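This report looks at side-chain contacts and at one helix, and it should be read alongside the coordinates.

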Number of protein chains: 2
Amino acid sequence: MTTIVTGSNRETIERARRVTAAERFDIGTRFGSVFDSAVGSWMRDVEGRRILDVTAASGALLLGNQHPAVVEAVVRSVRDHGVVYASTITPQRIELAERLCERYPAGEKAVFCKSGSEATTAAIQIARAATGRDLILTAGYHGWFEWQRPYRNMGYDPRTRVANFGYNETALARYLDEFGADVAAVIITPEPAWFDVAYHQRLAELCARHGVLFVIDEVITALRWGPRGLNGSGGVRADMITMSKSLGNGHSIAALLGRADVLDYYDAAGIAGTYNRELTPMFAALAVLDEIADGSVHEHCERMGQALKDGMREVLREVGIPAYVTGPNMMFDVVTPSEQLSWDIYAAAYEHGAWFEDSGTQMVTAAFTQSDVDHALEAFEKGARAVAATTDIEPGELSEELRLGFALDAFGGSPHDTPPVLARIEETVELMARRDPSAGTSATAVTG
Amino acid sequence: MTTIVTGSNRETIERARRVTAAERFDIGTRFGSVFDSAVGSWMRDVEGRRILDVTAASGALLLGNQHPAVVEAVVRSVRDHGVVYASTITPQRIELAERLCERYPAGEKAVFCKSGSEATTAAIQIARAATGRDLILTAGYHGWFEWQRPYRNMGYDPRTRVANFGYNETALARYLDEFGADVAAVIITPEPAWFDVAYHQRLAELCARHGVLFVIDEVITALRWGPRGLNGSGGVRADMITMSKSLGNGHSIAALLGRADVLDYYDAAGIAGTYNRELTPMFAALAVLDEIADGSVHEHCERMGQALKDGMREVLREVGIPAYVTGPNMMFDVVTPSEQLSWDIYAAAYEHGAWFEDSGTQMVTAAFTQSDVDHALEAFEKGARAVAATTDIEPGELSEELRLGFALDAFGGSPHDTPPVLARIEETVELMARRDPSAGTSATAVTG
């Protein structure tokens, strides 16, 4: 029988460093606790310390850990059904697809995979197969695979045939004017603290005018920008949407929803994946959909999120730290004058028992109570005051320049037509014009 | 509460076709049952019919469905621990990494992701980051993402900078001689029915001689080519190995093991992934490692697999169908004169209650009993006799030409130096020589 030997947080992290942890992703960008269990919004580390999770586990949780209905569904799935069969179709998969298609206007069909990175990759492979076109225009973070990596940088990558328009409408319009007939899809991750519904409506209309597929990457927003995402709650038309986080309440599942005549290119796009049929997260997702059906879960989350957001804004104002605190209640952004300052505040708040997302996007779960919000705000205030006491901070409003700098660093947002941005758009057009449309694969079959 | 309405198999497939199923992947390449539960090796379809799974759910299962130790571990994980936390390091992740590194010689460090497609992608992104080199030389199936797709075809894809050497040693040696200094890694999926340990030893030595990282894609073989895969049981040295199938007994998890000084480029390779920390499949994997620790599970699987393999060979001989039946007992291959003939036999066997893998690779689980083997062989014999009675089959041995044709179709195997293969090697060398090493991304940061 497996026995997990644990030591202090520090010893455990050292043990992880030797055998599995990445220096930055797993250690440098996290605070000093290793957790062994969590109930609701509270995590317990290997030293027995309880810490409130204000990240919703990077957005993966909607109902919090150990939610009874999800636990019951998962237990029932492994005890009564099993995990995977020789066939890929199951009643649960059908039910889940039907219910997601009812929930989101974009959904005529839905297919499943394991991660947001996979779902957005399926979207662009299907778009290319369906249109016979090659170019992809993108903005925002879509995952960690090669085509997704230059998300912070406007420009064109001839290898992946992906042009990043950096949320800049001039760039998108220009690229569509020049190369629209070769564009398989436009894919964008909504950044609701920066770009509103009307912005995305304009993008959807621009794509429709050019006859280009419009894909909204709702991996985070589908259950957090209102209960039905930008596509449903925001009413922005899309040909496909992706979703993943919160869907299985932590159990890994991602979905790609869209037009049936587009998703029917699944085979032509070469998509497969043994675990895409895995039942456990589908049972979890069905339980989540049951729980959120009457809207009360989202109402509660919105209320808790709003209280937290308003409270954090107020703390920063009182302490005298310029800040930009805005966005949907269930995924709002907190921007301060520098990443280092934010890190210092959150690191100090962690010492007082609350784990905030250091990159700034805070997310509650349905497990949050008013007393959790109060605890988070108390820890945040103590952290902010401690940092303010030892740091030289220019008071006043957060400058527009800092606000834009944050957007650029965080997700490549370059919305304004400054001279360097306009120059980059022209460079990109030139580079795209010089692309070799015949530079396809030589890897055709050997016969004989 | 979710209620899953089901109809007949046919009705359920029609319902799936409307909302989620892909015509080929989900319907055309599967037989006519939709399953609702499975225990051990037996699945029960929505009409209540019990069918034996001879595919191990595409290899995902090692112990069979509803194995008590795995069920208990999963239930414990969701009831006592939760699913995901704000941190990515957990005692379970550390324990799993340590035990995998003890199990496989290649493992100094281990990192986790969700699918085989993701694990092999992590391997090549890390290899590129670690070496500063760009070319990848590959053979075999590694998944469904773009760089993995031309796996059946020898040649060079300038977009993904991947050259497929088609298991051809002349090609690999030639490419390494010409371009070795620019090669980040060689990655190969073992096809043990076609290429033995000595073959892979030669490849490993060739890579070592050229100072090129050698990666074995053991997504299927790690727990099926002997208990410790080609790397452990076969003794073939590798710089990295991937593994996934069977590890979580159906729960989705994949691992990348390798040299610490290479895996330390995880951050530089830009790898992330919210669900990579998911606890449920880690608990399942630890339970699997407990179960297989004393070797008896693999001994039993080997015995059942061998009985099935020998029995299927004998059936085909008796019925008079030329065939090639060989490979490791836990993942052996059955080749007949044509894919259509194989499909017809397996489709007929399905009518008699056994679901074989139509592509030919049959896999048992530890849940198989001698009576399951007998049932599978009886169904297979009935299927083979029914097809032989209505099909014109040339008796005798399976020709070497057919054998090679199968390898080419199934995984791009072009091992012999025929004139077309040699010509393709030269074409590929020319194409690789003409590649533009500066054709990188223009997607650099916009400043100002």
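Predicted model: local features only at pLDDT ≥ 70, side-chain atom pairs only at ≥ 80, totals over all residues.

Glu278(A) belongs to the loop between α9 (260-263) and α10 of chain A, and Lys114(A) to the loop between β4 (109-113) and α5 (116-131) of chain A, so the pair ties together parts that are 164 residues apart in sequence. Glu278(A) counts as buried because its relative accessibility is 4%, and Lys114(A) is likewise buried, with a relative accessible area of 1%.

A second pair lies within one helix: Glu178(A) forms a salt bridge with Arg174(A), the closest N and O atoms being 3.0 Å apart, and both residues lie in helix α6 (residues 169-179) of chain A, four residues apart, or about one turn of the helix. In an α-helix there are 3.6 residues a turn, so residues three or four places apart point the same way. Glu178(A) is partly exposed at 42% relative accessibility, and Arg174(A) is partly exposed with a relative accessible area of 25%.

In chain B, Arg259(B) forms a salt bridge with Asp239(B), where the closest N and O atoms are 3.0 Å apart. Arg259(B) is found in the loop between β11 (254-258) and α9 of chain B, while Asp239(B) is in the loop between α8 (229-232) and β10 (240-243) of chain B, so this pair ties together parts that are 20 residues apart in sequence.

Over all chains, the count comes to 56 salt bridges.

## Aromatic pairs

A search of the whole structure finds 39 aromatic pairs over all chains. One of them is the tilted pair of Phe25(A) and Tyr266(B), with 6.1 Å centre to centre and 45° between the planes. This pair crosses between chains, running from Phe25(A) in helix α2 (residues 23-28) of chain A to Tyr266(B) in the loop between α9 (260-263) and α10 (279-291) of chain B. Phe25(A) counts as buried at 17% relative accessibility, and Tyr266(B) is buried with a relative accessible area of 5%.

The rings of Phe145(A) and Phe145(B) have centres 4.5 Å apart and planes at 35°, so this pair is tilted. Each residue lies in the loop between β5 (135-139) and β6 (155-157) of its own chain, so the pair joins two chains, and both residues are buried.

## An aromatic cluster and charges over rings

Within chain A, Tyr167(A), Trp194(A), Phe195(A), Tyr199(A), Tyr324(A), Phe406(A) and Phe411(A) form one aromatic cluster. The charged end of Arg403(A) sits over the ring of Tyr324(A), 4.4 Å from its centre. The charged end of Arg50(A) sits over the ring of Trp42(A), 4.6 Å from its centre.

## Helix α3 of chain A

Helix α3 (residues 68-81) of chain A has 14 residues and reaches 19 Å from its first C-alpha to its last, close to the expected 20 Å. Its buried residues include Val70(A), Val74(A), Ser77(A) and His81(A). The buried residues of α3(A) pack against α4 (91-103) and α10 (279-292) of chain A, together with β1 (35-39) and α3 (68-81) of chain B. After the helix comes Gly82(A), whose phi is positive, near 100°.

Key: Residues numbered from 1 in each chain as written. Chains lettered and ligands numbered in written order. Heavy atoms only, no water. Expected span 1.5 Å × (residues − 1). Buried < 20%, exposed > 50% of the residue type's maximum accessible area, 1.4 Å probe, protein only. Contact = heavy atoms within 4.5 Å. Phe/Tyr/Trp six-rings, centres within 6.5 Å; stacked < 30°, edge-to-face > 60°. Lys NZ or Arg CZ within 6 Å of the ring centre and 35° of its normal. Salt bridge = Lys/Arg side-chain N within 4 Å of Asp/Glu carboxyl O.
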